[in-house]
Each structure stands twice: as structure tokens, then as C-alpha cells.
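Here's a short tour of one protein model. Keep the picture open while you read, and look for each part as it comes up.

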Amino acid sequence: MCRAKISKFRTFEKDFRPIHHHGSIAERLKNIRIFRKILYAFVGVFSYPALVWINRLKISGTDNIKHLPKSNVLFVSNHQTYFADVITFLHIFSAVKWGKKDRLGVPYYLLNSFTNVYYVAAAETMKGNWLSRLFAMAGALTVKRVWAPGSKETRKGLETSDTRKITRALQENWIITFPQGTTKPFAPGRKGTAVIIKMNKPIVVPVVINGFWRAFNKKGLRLKKKNSLLSVTFKEPLAIDYDAPAEQILKQIMDSIEQSKEHMMKGAHHWEKVQA
């Protein structure tokens with residue numbers, strides 16, 4: 001009986017323990033799990049109707065994430081809105097934690113959300129307004145863009161400080177990243193994603209999403225069209241040769257999230273052109 005009480009206390013205590021002990025007040029709050037649970041519940045209550053009632057959410061492949069370890073897992077996904085994509089991932093991870101398979105169901109999972117996850121986002125995006133700053137506190141790992149938006153140059157790697165930031169987070173968490181770094185379909189991937197994979201040798205889970213560009217505006221915070229089909233597909237973890245060149249790993253990633261040149265050349269597609 002005594003051991004059971006100690007175990008419960010340690011679990012409760014963990015929710016209050018920061019992952020890192022430095023940074024601004026906002027950064028410290030972001031790393032306190034109990035704060036994140038409250039924030040997830042708040043965001044979840046307001047976003048759930050748009051995902052399930054106003055639109056139709058189709059989830060597949062959650063068996064591929066059900067038994068993953070709690071650390072060093074990297075989700076790579078195509079990107080269609082700034083925030084709706086990530087919010088949907090958080091809903092799904094929490095639902096899977098509560099035993100749901102390929103569905104959200106009744107959102108009682110918001111009572112104890114899955115917070116063992118961060119997502120990579122451009123620093124300038126997260127500083128836009130108070131709402132984006134709030135979402136940043138939900139677990140954003142902000143990185144600096146090392147290319148000029150709209151330029152034709154090849155996507156470069158991450159800054160050294162950003163690489164360290166992601167590496168630290170992977171040691172105890174799952175990370176969601178969007179290799180293209182833009183909501184524009186079939187944009188080239190960033191080499192930095194492959195570098196992170198070579199450095200940390202994480203389990204890499206590809207995710208393919210669709211329909212979010214149709215249902216939401218670019219930021220993903222305002223409805224654009226009702227009754228849209230939103231799909232999220234989790235594929236099996238990739239078999240990666242971590243010693244392969246970064247370019248080869250990046251090509252494998254882009255093909256797995258169906259954003260490679262080969263996929264683009266498969267004829268007419270359903271993508272609507274959106275701005276980067």
C-alpha cells in the first residue's frame with residue numbers, strides 16, 4: 001500500500017517537474033507538464049468541434065504509434081496549416097494514450113492529455129500575436145529559418161543552437177517536425193531534418209495529412225469550408241540507414257510523406273496551391 005502511494009506521488013510530482021531549467025518564464029511554463037495539460041485541455045475543447053462535428057476526421061495507422069517508446073521518436077509530416085495540423089496530432093496522441101484506435105471518440109482524454117511531445121516551428125511564426133505565443137507554450141521548439149522565404153535556394157541545415165535544442169528534447173520526448181518548413185505542397189525538404197536523424201538515430205514515423213488546407217485558413221485557426229474530409233495517416237516507422245548521406249535520408253523522408261518529385265509527377269493531384 002505504501003509503495004502504491006509513493007508511485008502515485010512520483011507520477012504526480014513528474015507533472016510539475018520542468019524538463020529544462022533555463023530560459024524565459026514562458027519557456028519554463030512550457031516545460032511544466034501540468035501547465036501543458038491544462039493548456040491542451042483548453043485548446044482541445046475549442047478545437048474538437050471543428051475537427052469532428054463541423055468537419056470529418058479520418059485517422060488511420062494508430063497501431064504504428066501505440067507501442068512506441070516515450071523518447072527519441074521523430075514524426076515527419078507534410079504541412080498544410082500553421083496550427084490545425086499540430087493540434088490534431090495532439091488530439092490523436094492523447095486519444096491513443098487512452099486506448100482509442102483510429103478515432104477520437106468522446107474527448108475525455110483531455111482530462112489527462114499526452115504531453116510527452118514537442119513540435120518544431122519557425123520562430124517568426126510563433127511571435128505573430130498573443131494566440132501564436134500561446135500555442136508556442138503548448139510545446140513549440142522554435143527554430144530560425146536559414147533561407148529567405150520565397151527564395152529558390154536549396155533548404156539548408158539548422159543553426160547549431162537549434163540542433164542542440166531538438167536533440168535535448170528528443171532525449172525525453174516525441175518530436176513532430178515538418179521537413180518542408182512551409183505549407184506549400186511539394187516544396188523541397190530541409191537538409192536539417194536529415195542531419196537531426198543522423199545525429200540522434202530516432203525512430204522515424206512518417207505521417208501524411210490532407211484536407212486541412214481546404215477546411216482551414218493558412219494559420220489553421222479559422223474555418224474556411226465546412227464538412228471537409230480531414231485525413232491523418234500514420235505509416236510504419238522507416239528502416240533508415242543512419243550512416244547514409246543526409247541527402248539520401250532526406251529523399252527517403254520526402255518519399256514517405258508523399259512530397260517527393262516522384263509523387264508530384266504522378267499526374268493530376270488534388271492539392272490547391274497555397275502560399276509558402
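## Starting at Ala 41

Let's begin with Ala 41, which sits in helix α3. Helices here are DSSP runs of H or I with at least four residues, strands are E runs of at least two, and both are numbered from the N terminus. This is a predicted model, where local features need pLDDT of at least 70, side-chain atom pairs count only at pLDDT 80 or more, and totals for chains, interfaces and linings use all residues. Residues are numbered from 1 along each chain as its sequence is written, and side-chain values use heavy atoms, with hydrogens and water left out.

Which residues does Ala 41 touch, leaving aside its neighbours within four places in sequence? They are Leu 110 and Ser 113, where contact means heavy atoms within 4.5 Å. Ala 41 and Tyr 108 are 67 residues apart in sequence, yet 9.6 Å apart in space, C-alpha to C-alpha.

## Where α3 meets α4

Two packed helices are described by the angle between their axes and the distance between the axes. For α3 and α4, that's an angle of about 105 degrees and axes 10 Å apart. Axes are lines fitted to C-alpha atoms, for helices over the stretch in contact, and angles run from 0 to 180 degrees between N-to-C directions. So α3 is roughly perpendicular to α4 (under 35 degrees counts as roughly parallel, over 145 as roughly antiparallel, 65 to 115 as roughly perpendicular and the rest as oblique).

On the α3 side, the contact includes Tyr 40, Val 43 and Tyr 48, and on the α4 side it includes Ile 87, Leu 90 and His 91. The contact residues split into six nonpolar, four polar and two charged. Here Ala, Val, Leu, Ile, Met, Phe, Trp, Tyr, Cys and Pro are nonpolar, Asp, Glu, Lys and Arg are charged, and the others, Gly among them, are polar.

The whole structure has three cavities of 30 Å³ or more. On a 1 Å grid over the protein atoms alone, a cavity is a set of points where a 1.4 Å probe fits but cannot get out, and lining residues have an atom within 4 Å of a point.

α3 and α4 each supply at least two lining residues, and α4 gives the largest share, five. By class, the lining has ten nonpolar, five polar and no charged residues.

## The sheet

Now find the open sheet of seven strands, in the order β1-β7-β6-β2-β5-β3-β4 with mixed pairing. Strands pair if DSSP finds at least two bridges between them. β1 and β4 stand at the edges with a single partner strand each, so one side of each has no neighbour in the sheet.

Four bridges join β3 to β4, and these two run parallel. Tyr 119 stands opposite Ala 140 in β4. Helix α7 packs on the sheet, touching β2, β3, β4 and β5, and its direction makes about 160 degrees with that of β4.

Technical notes: On a 1 Å grid over the protein atoms alone, a cavity is a set of points where a 1.4 Å probe fits but cannot get out, and a pocket is an open set with protein on both sides within 12 Å along at least five of seven lines; lining residues have an atom within 4 Å of a point. Grid points are joined across faces, edges and corners, and a volume is the space filled by probe spheres set on the points.
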